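Open the model in your viewer and keep the sequence panel beside it. The tour goes from one selection to the next and says what to look for at each stop.

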Amino acid sequence: MDSRAVEVEELARAAAAGDPAALHALLTVLRPDVLRICARFLPNREDAEDACQDALLALTRSIGGFEGRSSFRTWLYGLTANRARSTYQRLRGRFLAESGGVPLPDRPDPRRTSVVAGTRLDLLDALERLRPDLAEAVVLRDLLDLSYADIAALTAVPEGTVKSRIHQGRTQLRVRLLPEPECTAG
């Protein structure tokens, strides 16, 4: 473990024990990493910053519950991924309410959406349709690059279950993300 990772783990343990100075230092050190994780989910910088703030607030409120069963980074990644997904759900709900119930387009308009942003939006929509345990496993592995062991520790399930959930989730995502075949008039 590098010195920065050791510092973060020590700050997290002190913050979990109730040290406010450690919590402040931890939030300062983690903000760039949390923003980077949120930006993997949300294509718009302002939305990623909102999710980052939500994640840091959630960290502040729940740091006392960090028990050290997994590394702090693993715990943080799970918390941050959940906040980013919640931000996306909230934004999507707001859009639907403000648009008078007009549904989102099936595919983002490529003239107004970057390929990367469109891909992320498609992925987030597909993740929303998965069972939560499958979506969580896929996000932790494929978006946050956690090891199977870290995911097992974070979700409190055996490593074999984690692998199974990731396989099932990827299979269902693949089906949902494949472009629909175009109909041609004959």
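Two residues are in contact when heavy atoms of theirs lie within 4.5 Å. This is a predicted model, in which local features need pLDDT of at least 70 and side-chain atom pairs count only at pLDDT 80 or more, while totals for chains, interfaces and linings use all residues. Residues are numbered from 1 along each chain as its sequence is written, and side-chain values use heavy atoms, with hydrogens and water left out.

**Stop one: Thr80.** Select residues 72–98, which make up helix 4, and find Thr80 there. Helices are DSSP runs of H or I with at least four residues, numbered from the N terminus. Is Thr80 buried or exposed? Thr80 counts as buried because its relative accessibility is 0%; buried means under 20% relative accessible area, exposed over 50%, and partly exposed in between, with a 1.4 Å probe and protein chains only. Now show Val34, Ile37, Cys38 and Ala55: Thr80 is in contact with these residues, leaving aside its neighbours within four places in sequence.

**Stop two: the aromatic rings.** Rings of Phe, Tyr and Trp (its six-membered ring) pair if their centres lie within 6.5 Å; planes under 30 degrees apart count as stacked, over 60 as edge-to-face and the rest as tilted. The count by this rule is three aromatic pairs. Select Phe66 and Phe72, an edge-to-face pair with 5.3 Å from centre to centre and 85° between the planes. Ring pairs join Phe66, Phe72 and Trp75 into a cluster. Phe66 counts as buried at 7% relative accessibility, Phe72 at 0% and Trp75 at 16%.

**Stop three: Tyr148.** Which residue lies over the face of Tyr148 at 4.3 Å from the ring centre? Select Arg141 to see that one. Lys163 also lies over the face of Tyr148, at 5.3 Å from the ring centre. A charge sits over a ring if NZ of Lys or CZ of Arg is within 6 Å of the ring centre and within 35 degrees of the ring normal.

**Stop four: Thr155.** Select helix 7, residues 148–155, and go to Thr155. A polar atom of the Thr155 side chain lies 2.7 Å from the backbone oxygen of Ile151. Not counting residues up to four places away in sequence, Thr155 touches Glu136, Leu140 and Val162.

How values were computed
Helices (H or I, at least four residues) and strands (E, at least two) are DSSP runs, numbered from the N terminus. A polar contact is a pair of N or O atoms within 3.5 Å; within protein, one must be able to donate a hydrogen and the other to accept it, and residues adjacent in sequence count only if both atoms are side-chain atoms.
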